[in-house]
Amino acid sequence: MSVKEQLEIILWYRQQEEAKKIQIGRLQGLKECLERIGSQIREPEKPPDITQEDVKHKIDDMIRDIRMEIIGLFGQRLSFMEMFKHLKDPKQKTVMALRYFCCKDWKKIADYLSCSVEEVKQLHDKAVCELEKNKKKSK
């Protein structure tokens, strides 16, 4: 697998983490809705097979499972990022960390480093080349 493919995977893991955070937010919203309408529901003549409390517990279980998935994705992303430790140039390391760990766009990275977007992209490209060289050496 090439370095560029590994970097794409890191970004994909990050996107998955963000999607799962949205899922958690929506599940928490659903749980809040259940709590608000709980007292407004009339008791049916026959009790339901599943209660609101059962649903709330199921939501809590789902949130816990999604959080564990996020931790797993983060760990995968972190393991890929071990390759950045081989970069000698601190600016290259910063560009790669901000881009692939923090998912910052080129403009935000440029602002952080007080340089142009073009310089950031050059640092990125040099870092990718350096990582490719390190990868070939380690084989």
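Biologist: What does buried mean here, and what is the relative accessible area of K20?

Modeller: Buried means under 20% relative accessible area. The model is a predicted one, and in it K20 lies in helix 1. K20 falls under that cut-off and is therefore buried, with a relative accessible area of 16%.

Biologist: Which residues does K20 touch, not counting residues up to four places away in sequence?

Modeller: K20 is a residue of helix 1. Leaving out residues up to four places away in sequence, the residues that K20 touches are I66, E69, I70 and L73.

Biologist: How many salt bridges does a search of the whole structure find?

Modeller: The pairs include D60 with K31 and K85 with E82. Searching the whole structure gives a total of ten.

Biologist: Which parts does the salt bridge of D60 and K31 tie together, and how many residues apart are they in sequence?

Modeller: The side chains of D60 and K31 meet with an N to O distance of 2.6 Å. D60 belongs to helix 2 (residues 52-80) and K31 to helix 1 (residues 3-37), so the pair ties together parts whose separation in sequence is 29 residues.

Biologist: Does D60 count as buried, partly exposed or exposed, and at what relative accessibility?

Modeller: Partly exposed covers the range between the buried limit of 20% and the exposed limit of 50%. D60 therefore counts as partly exposed, with a relative accessibility of 31%.

Biologist: What separates K56 and E53 in helix 2?

Modeller: The side chains of K56 and E53 form a salt bridge, at 3.3 Å from N to O. The two residues are three apart in helix 2, so what separates K56 and E53 is about one helical turn.

Biologist: Which class of accessibility does K56 fall in, and which does E53?

Modeller: K56 has 13% relative accessibility and so counts as buried. E53, at 44% relative accessibility, counts as partly exposed.

Biologist: Is K85 buried or exposed, and at what relative accessibility?

Modeller: K85 forms a salt bridge with E82, the closest N and O atoms lying 3.3 Å apart. E82 counts as partly exposed at 44% relative accessibility. K85 counts as exposed, and its relative accessibility is 54%.

Biologist: Which residues are linked with R14 in a network of salt bridges?

Modeller: The network of salt bridges has R14 as one of its members. The residues linked with R14 are E18 and K21.

Biologist: How are helix 3 and helix 4 oriented to each other?

Modeller: The axes of helix 3 (residues 90-101) and helix 4 (residues 106-113) come within 10 Å and cross at roughly 140 degrees. The crossing is right-handed. Angles over 145 degrees would count as roughly antiparallel. Helix 3 and helix 4 are therefore oblique to each other.

Biologist: How many nonpolar, polar and charged residues does the contact of helix 3 with helix 4 have?

Modeller: Helix 3 contributes T94, V95, L98 and R99, and helix 4 contributes W106, I109, Y112 and L113. By class, this contact has six nonpolar, one polar and one charged residues.

Biologist: What is the orientation of helix 3 and helix 5, and how do the residues of their contact divide?

Modeller: The axes of helix 3 and helix 5 (residues 117-138) come within 9 Å and cross at roughly 100 degrees, so the two helices are roughly perpendicular. The contact is made by K91, Q92, V95, M96 and Y100 of helix 3 with V120, L123, H124, K126, A127, V128 and L131 of helix 5. These residues divide into eight nonpolar, two polar and two charged.

Technical notes:
Residues are numbered from 1 along each chain as its sequence is written. This is a predicted model: local features need pLDDT of at least 70, side-chain atom pairs count only at pLDDT 80 or more; totals for chains, interfaces and linings use all residues. Side-chain values use heavy atoms; hydrogens and water are left out. Axes are lines fitted to C-alpha atoms, for helices over the stretch in contact, and angles run from 0 to 180 degrees between N-to-C directions. Helices (H or I, at least four residues) and strands (E, at least two) are DSSP runs, numbered from the N terminus. Angles under 35 degrees count as roughly parallel, over 145 as roughly antiparallel, 65 to 115 as roughly perpendicular and the rest as oblique. A crossing is left-handed if the near helix is turned anticlockwise from the far one by less than a right angle, and right-handed if clockwise. Contact means heavy atoms within 4.5 Å. Ala, Val, Leu, Ile, Met, Phe, Trp, Tyr, Cys and Pro count as nonpolar, Asp, Glu, Lys and Arg as charged, and the others, Gly among them, as polar. A salt bridge is a side-chain nitrogen of Lys or Arg within 4 Å of a carboxyl oxygen of Asp or Glu. Buried means under 20% relative accessible area, exposed over 50%, partly exposed in between (1.4 Å probe, protein chains only).
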